[in-house]
Amino acid sequence: MVGQRGSAVTSGGRRRPDSFQPVRCATCGHLDSKVVDSRQSDDGGAIRRRRQCLACGQRFTTFERPESLGIAVLKRSGDREPFDRAKVVAGVQAALKARPVGAGEAEALAAAVEDEMRQLPTAEVTSERVGRAVLEGLRELDVIAAVRFASVYKGFDDLSDFERELTLLTKRTAPKRH
Ligand SMILES: [Zn+2]
């Protein structure tokens with residue numbers, strides 16, 4: 001759920017030295033947890049942390065990737081390129097053109113997508129995954145923009161994926177029966 005998570009800069013406000021960004025408890029959503037174990041992930045880029053929620057006591061695992069480390073995007077062609085937030089912003093802005101959505105929303109969505117990718121256990125993500133995260137965020141912002149984005153986005157594996165997205169969108173926007 002991209003749209004529901006604040007970026008590292010805006011949510012919480014307070015940064016603790018042991019954490020790159022606020023981490024929510026996977027069970028109750030509480031923002032304070034203590035680290036009970038910490039180690040490098042298998043690819044060496046992320047830090048895998050075992051945490052315990054200070055509210056409900058549940059333990060959960062996070063992968064946190066410092067901002068100084070880049071994320072690689074694997075394209076369908078097999079090429080890799082560095083994750084480029086500006087590119088995501090440009091794509092989102094194109095989809096939001098002339099829609100009644102605030103000017104800062106494209107930046108915020110791109111930042112949330114980057115945060116999401118940074119919390120994955122790998123340093124490499126597929127372009128499809130990035131595209132889906134953007135689409136999910138757009139859907140919460142503006143359905144028309146989401147349809148636009150889906151219609152130009154070439155990352156889907158085949159047409160049925162695209163049709164499924166459209167069907168989902170149509171269902172959500174269908175008028176209510178009385
Ligand atoms: Zn909790």
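The model is predicted, so local features need pLDDT of at least 70 and side-chain atom pairs count only at pLDDT 80 or more, while totals for chains, interfaces and linings use all residues. Residues are numbered from 1 along each chain as its sequence is written, and side-chain values use heavy atoms, with hydrogens and water left out.

**Zinc site.** Select Cys25, Cys28, Cys53 and Cys56: their SG atoms are the protein donors of the zinc ion, 2.3 to 2.4 Å from it (donors are N, O and S atoms within 2.8 Å of the metal, or 3.2 Å for Na, K and Ca). The four donor atoms make angles of 104 to 118 degrees, a tetrahedral site (four donors, all angles between 85 and 135 degrees). Along the sequence the donor residues follow C-x2-C-x24-C-x2-C.

**H1 and H3.** Next select helix H1 (residues 85-96) and helix H3 (residues 127-141); helices are DSSP runs of H or I, at least four residues. Their axes, lines fitted to C-alpha atoms over the stretch in contact, lie 11 Å apart at about 40 degrees. Val88, Val92, Ala95 and Leu96 in H1 meet Val130, Val134, Leu138 and Leu141 in H3, contact meaning heavy atoms within 4.5 Å.

Conventions
Axes fitted to C-alpha atoms, helices over the stretch in contact; angles between N-to-C directions. Helix = DSSP H or I, 4+ residues; strand = E, 2+ residues; numbered from the N terminus. Tetrahedral: all angles 85-135°; square planar, octahedral: opposite > 155°, others 65-115°.
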